[in-house]
Amino acid sequence: MYNSERVITDFINKSDLKKIKEFSKDKKTPFLIMDLNKIDKKYDELKKNLPFAKIYYAVKANPQDKIIKLLAKKGSCFDIATIYELDQLLRLKISPDRISFGNTIKKEKDILYAYNKGVRLFVSDSFSDLEKIARSAPGSKVFFRILCDGGSADWPLSRKFGSHPDITFKLIIESKRLGLIPYGISFHVGSQQRDIGQWDNAISQVKYLFDAAKEEGIELRMINMGGGFPSNYLMPTRSIKTYAHEITRFLKEDFGNNFPEIIIEPGRSIVADAGIIVSEVIMVSKKSMCNQYDWVFLDVGKFGGLIETIDESLKYPIFLERENKNLEKKEVILAGPTCDSADILYENFKYSFQTDIKEGDRVFIFTTGAYTQSYSSIYFNGFPPLKLYFLNEK
Ligand SMILES: *Cc1c(COP(=O)(O)O)cnc(C)c1O
């Protein structure tokens, strides 16, 4: 179920494709196009399928003001990683009671800064961080992130974040002693998580911690289910509807019909599908006469926004603008334009393009609305950061 079997219309309908071609034809590549209508719809789809969940958009997925403003207007709350994102949200007049400081790694002066600006909801996964919060954000609500191994996720987020339930339990007790409000448990099953069962495992651990805390007289009130909801990359996933249905069932199994407050922190699933990178083939070449694969060099690569191709983790749907599905295809190696040999996009996994692919051809790289432009480098090799255009601005 890969490139060779999927076609451009799996990722864009014919009339939108026509619009994108028209819009992009006289613009210099590479650039990203973000369709605000699609973001609007993705938000509604999540809200509709998980009506009991409060949405905290993970700002880091795509921090553009226009996107933040759109989501704020729709009632979204926000998950931030740094005080810089906090400053941005405050500048956009988003009230601090709609903001959660969701990074487990923070300086004490930044905790204080956030507290002074009115933020009262913090994540933690360690004693030293908890003590910093107690000192610099006294009386705040704290939720505790548990470890998830990120198995079956395309972009796992494992190991670095969260603690094992034995530590988490001690943190809950300690937070109360320190005068904080032990508020809930969070987890992130890994970004672009393809195995819905991972939520089941995490939710049962949450239930165990809710019960253990209760025995100590502490009533936890919130579950933060993080992100991990899927977007439409090359490898297909189940629909958001199926995810939501299953996750709701897992919650019911453990918590009955009276759910605690439920928070989700979607990033990728809100913005990824809304983005298309338009790029140009710089060159098609052969490394040796007997090598079976041509190299296709694009004008965008790992340093231009496609960093999530590390380890070939995420496989973007990439199609020629003049795609003709009736022509014969060949497998190629895809690489970016910089003088860095790490800047190879896909070498083990082979993308297929029609055999007449050539210099100057344009390609559309779909599902690039998340974790792309903000990752693009500032003038590495002299390349400017990835340009961005919006469609359907209100
Ligand atoms: C990155 C991140 C998210 C967003 O995850 P997606 O898989 O992109 O939806 C949510 N919560 C936290 C704490 C994160 O770090």
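Biologist: What is Thr168, buried or exposed, and how do you know?

Modeller: Buried, because Thr168 has a relative accessible area of 0%, and buried means under 20% (exposed is over 50%, partly exposed in between, with a 1.4 Å probe and protein chains only). This is a predicted model, in which local features need pLDDT of at least 70 and side-chain atom pairs count only at pLDDT 80 or more, while totals for chains, interfaces and linings use all residues. Residues are numbered from 1 along each chain as its sequence is written, and side-chain values use heavy atoms, leaving out hydrogens and water.

Biologist: Where does Thr168 lie, and what is Thr168 in contact with?

Modeller: Thr168 is part of helix α7 (residues 165-177); helices (H or I, at least four residues) and strands (E, at least two) are DSSP runs, numbered from the N terminus. Contact means heavy atoms within 4.5 Å. Leaving aside neighbours within four places in sequence, the contacts of Thr168 are Phe144, Arg145, Ile146, Ser163, Ile185 and Leu209.

Biologist: What covers the buried residues of α6?

Modeller: The cover includes α7, along with α5, β5 (121-124) and β6 (141-145). The buried residues in α6 include Ile133 and Ala134.

Biologist: How are α5 and α6 set to each other, and why?

Modeller: Helix α5 (residues 108-116) and helix α6 (residues 127-136) pack at about 40°, with axes 9 Å apart. Axes are lines fitted to C-alpha atoms, for helices over the stretch in contact, and angles run from 0 to 180 degrees between N-to-C directions. Under 35 degrees counts as roughly parallel, over 145 as roughly antiparallel, 65 to 115 as roughly perpendicular and the rest as oblique. The two helices are therefore oblique to each other.

Biologist: Which residues of α5 and α6 meet?

Modeller: Glu108, Ile111, Leu112 and Tyr115 in α5 meet residues of α6, among them Lys132 and Arg135.

Biologist: How many aromatic pairs are there, and what makes Phe11 and Phe366 a stacked one?

Modeller: Rings of Phe, Tyr and Trp (its six-membered ring) pair if their centres lie within 6.5 Å; planes under 30 degrees apart count as stacked, over 60 as edge-to-face and the rest as tilted. The count by this rule is 18 aromatic pairs. In the pair of Phe11 and Phe366, the centres are 6.1 Å apart and the planes 20° apart, which is stacked. Phe11 lies in the segment before α1 (14-24) and Phe366 in strand β17 (residues 362-366), so the pair ties together parts 355 residues apart in sequence. Both Phe11 and Phe366 are buried.
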